[in-house]
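Subject: Structure for you to look through

Dear colleague,

I am handing over the structure we spoke about, and below it you will find my notes on what was found. Please read them with the structure open beside you.

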Amino acid sequence: MLQQAREILKDSFGYHTFRDQQEEIIQTVLSSQDTLVLMPTGGGKSICFQIPALLSNGLTVVISPLISLMKDQVEALRANGINAAFYNSSLSEIEEREIESDVLSGGIKLLYLSPEKLISSTNSWLSNAKISLVAVDEAHCVSMWGHDFRPEYAQLKEFRERLSDVPFVALTATADKTTRKDIIKQIGLKQPKVFISSFNRENLSLEVRANVPKKQKIKEIRNFIGDRINESGIIYCLSRKGADEMAQDLKGYGYNAASYHAGLAANKRAKVQENFINDKTNIICATIAFGMGIDKSNVRWVIHNNLPKNIEGYYQEIGRAGRDGLPSITILYYNLRDLMVLKRFAEGGAKSEVYIDKLYRMLNYAEATSCRRKILLSYFSEHLPENCGNCDVCKNPPTFFDGKIIAQKALSACHRTKQKIGTNMMINILRGSANQDIYQRGFQNIKTYGIGKDVSFKDWQHYSTQLLNQGVFEIAYDESFTLKITEYGRSVLFEDGAIQLTIPTDKPIKQKGGKKASKKKLSPDEELFEVLREVRRGIAVKEKVPAYIIFHDATLKEMASEKPTNQLDMLAVQGISVIKYDKYGKTFINAIEEFNQSKLNTVEATHELYKKGLTVDEICFTRELKQETIFSHLCKLYFDGEEVDIQQFITQAEQAAVIKAHKKIQDFTSLKPYFDFLDSKLPYYKIRVGLTLLAKKAK
Ligand code: ADP
Ligand code: ZN
C-alpha cells in the first residue's frame, strides 16, 4: 500500500518524497481509523486525503466551506489527471444532474461537497454512492471556540452517524487545545489518531511596529515595497475604506496595487483575485475577506496595517506568504486605536467574551518582548526550545534576566488556588490587594498572598504576558478564562525548568522616507524564471485556469536554476507529474533552450565587437551593458579557449593578491568573499579576471 502511495506521489503529483508526517497520516487513514490532522497552511494537508482517495475503491467525500477553495482543488487535481468534482450552490441544475450521475457510475474519485448541500444530498442521491472515506477540511469551522465558526458545519455530526463504518479524517491549520477537543466532539470522531505537525514556518520573518503615526506608516510601507518591485504581497487592512485608501495611495506612487473587500461586486472581486494569482497585480490591499482559498505560492510578504482580531487569523494571514518555502517577510503595524475599534466590534456579537479574550492574546503578542515565534507556537500548544532568530525581538533583543523566581510566584498563586483564577486575580493575589473578591474566596489566607508586592501591577502584566507567551500558562476559554499550568509550567514550578524574562521597556520607532516604483536588474536565473512565467501565463490563459494550476512558482524556480532540456531531467524537478510532463514538458524545454541560446548569443555579440578591436568601454556603450557584464563575457570567452587577452586588465601584484585570497577561500563561485577578504581594495572585475586566470591554469 505504502509503495503504491509513493508511486502516486511521484506519478500523479510530481513529488519525490513525503513531507513530515504525510506518510504516517496516509497509512492511518488507509487503515480505516478516524484521524485528526493539524498542520499549518501550506504544510501539505490535501495529499493526506487525496492519496488515500486514489487508493480506495469507493468515493471520497471532501467537506469544504469555501466555494473558491473547492474549485481550486478540483482544478489542481484534474490538471494531474485525477477525476474530481465539486458540488455546491454555484452549479446549475443540469450541472448537478451530470455530477450526480458521474459519481454514481464511479467516474468520480473525489467529490468536494459544501456543508450546505451535505444533508440534502445524503438524504437523496448520495445515499446510493459507495463512500469509502470522508475528509473534513477546515475542521475548526465546526467549533464555537474556533475563530471561524460556521453553523452549517453542525450537520456533520448527523452525517458521521449515518456513515458510522466509514473513516473520517478532519484537517485544520488552526486549532488551540480547546478547539481541538471540540472538533473531535462536534464531528463525533471515534478515538481518532491525532497528528500535530509543527506549526513553525521558519521561512517567515516576524516583525511588529507599534504606534507608528499614519503618515509615517504609509511612508515606511512605500519604502518597503519600493525595494521589492517585482514581488507579490498583501496588505491587510481593518476596514474597506482603509483598503481602498491604501491601494489609492500606492497607485499614486506608481505601484501596481488593487483593493479587495466584500464591498466590491462579485465579478470585480474575482477579477482582482485572478490578476493577483496571475501576477498581473503585485499588491493587494484587502480586508480579511481576501486570501481564503488562495493557493498562490509566491507571496513574498504580508503586511498588517492594523491589529488582527486574533492569533489564529493572524497566523493564517501571514501564512499566505512563502508557501513555496522561500524566505518571506511579515510586518504587523498596530496602535491602540485598532484595539478600541476591534473591541467595540467584539462586544456587539455573540460569544463576545471569547472574542475579546482572543483579541487580548493578539495584543499580548504584539507587545511581546520575547521571541515572537515562541509565542505563536505556544498558542498552538507547541513549545519551541530555542529562540527563533528570525523575528524582530530575536534580532534586536531586549535585556533578559533569570525569571524563575517571578514565574514560580505566579505559578504558585495559580497552583494554590487550584487553577481557578484568571490573570487579574492572580496579580491581585500576588500583590496582596485588599480586594473584595479575594476576601470572598478566602485567597488572603493562601501562602502566596502578597509575595509579589515589590513588583508594580503594570510590570506583573508584562510578566504575565510573557509567561503566557512562553507557554508556562494556557487560558481555558471553556472554563471562564482561567489560567492552567502547562507541562512546561509544572517543570518551572516543581523541577528544573528554566525561564528567561525581559525587563519592561518601550521601543523606538524607525524613521524612513517614502519611495516611488522603479525597475530592478535581474540575474540570469531570475530572467529565465520571468520567461517561464510568461510561458506559463500563456498556457493558463489558453486553458482558462490559474497559473499555479499549471506549475507552482517553486517548480518554475527549480526549472530556472536546473535548466532541464530532456525528459529525465524535467521529471526530476519537484512538482512535475507524468501527465504534466506530457502536456507541457516540450513547451518548457523549448523555452529553456531558446533562453540558453540567447545567453550564448550575448557572449558572442561581445566577442564580435572585441574582435573588431573595440575597448571594454566602447563595448559597454554599444551594447548598453554594464562593465561588469562585459568583463564576465570576456572571461568566459578566455576560459572557453578563445583568443581574448584578459591578462592586460590586472597587474602582477593584483594577481598575487587574488591567488593569496584563493588559498584561504578555496572557491570560484562567488566574488563577494574575495572582495571582503581584500578589504574592498580590488574592484569586482579585477577579481573576476584574476580568478579566471587561476581557474584556467587549473583546468
Ligand atoms: P495546506 O492544505 O496544508 O495548506 P496544500 O495541501 O495546499 O497545503 O499543500 C501546500 C503546497 O505544498 C502545495 O503546493 C502542494 O502541492 C505542496 N506539497 C504537498 N505535499 C508535498 C510534498 N510531499 N512534496 C512537495 N510539495 C508538496
Ligand atoms: Zn524569535
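In this predicted model, strand E1 (residues 35–38) and strand E6 (residues 168–172) pair in the parallel sense, and four bridges link them. If you want one position to start from, look at Thr 35, which stands opposite Val 169 in E6.

These two strands belong to an open sheet of seven strands with parallel pairing, and the order across it is E3-E4-E2-E5-E6-E1-E7. At the edges you will find strand E3 (84–87) and strand E7 (193–196), each of which pairs on one side only. On average, and with direction ignored, neighbouring strands of this sheet are turned by 20 degrees against each other.

Helices also meet the sheet. Helix H3 (residues 46–55) packs on it and touches strand E2 (59–63), strand E4 (110–113), strand E5 (131–136) and E6, while the direction of helix H3 makes about 135 degrees with that of E4. Helix H5 (residues 93–104), for its part, lies across E2, E3 and E4, and runs at about 135 degrees to E3.

Please turn next to the metal site. Which residues coordinate the zinc ion (ligand 2)? The zinc ion (ligand 2) is held by the SG atoms of Cys 371, Cys 388, Cys 391 and Cys 394, at 2.3 to 2.4 Å, and along the chain these donors follow the spacing C-x16-C-x2-C-x2-C. Because the four donor atoms subtend angles of 101 to 121 degrees around the zinc ion (ligand 2), the arrangement is tetrahedral. Cys 371 lies in the loop between helix H14 (352–366) and helix H15 (372–379), whereas Cys 394 lies in helix H16 (residues 392–395), so the pair ties together parts that are 23 residues apart in sequence. Cys 371 is buried, with a relative accessible area of 2%, while Cys 394 is partly exposed, with a relative accessible area of 21%.

Is Asn 306 buried or exposed? Its relative accessible area is 13%, and Asn 306 therefore counts as buried, the limit being under 20%. The side chain of Asn 306 reaches the backbone nitrogen of Leu 238 at 2.9 Å, and a polar contact of 3.1 Å joins the side chains of Asn 306 and Asp 338. Leaving aside neighbours within four places in sequence, the residues in contact with Asn 306 include Lys 217, Tyr 236, Cys 237 and Tyr 333.

Definitions and conventions:
Residues are numbered from 1 along each chain as its sequence is written. Chains are lettered from A and ligands numbered from 1 in the order in which they are written. This is a predicted model: local features need pLDDT of at least 70, side-chain atom pairs count only at pLDDT 80 or more; totals for chains, interfaces and linings use all residues. Side-chain values use heavy atoms; hydrogens and water are left out. Donors are N, O and S atoms within 2.8 Å of the metal (3.2 Å for Na, K and Ca); water is not among the atoms, so sites may look incomplete. Four donors count as tetrahedral if all angles lie between 85 and 135 degrees; four count as square planar and six as octahedral if opposite donors are over 155 degrees apart and all others between 65 and 115; anything else is irregular. Buried means under 20% relative accessible area, exposed over 50%, partly exposed in between (1.4 Å probe, protein chains only). Two strands pair if DSSP finds at least two bridges between them. Axes are lines fitted to C-alpha atoms, for helices over the stretch in contact, and angles run from 0 to 180 degrees between N-to-C directions. Contact means heavy atoms within 4.5 Å. A polar contact is a pair of N or O atoms within 3.5 Å; within protein, one must be able to donate a hydrogen and the other to accept it, and residues adjacent in sequence count only if both atoms are side-chain atoms.
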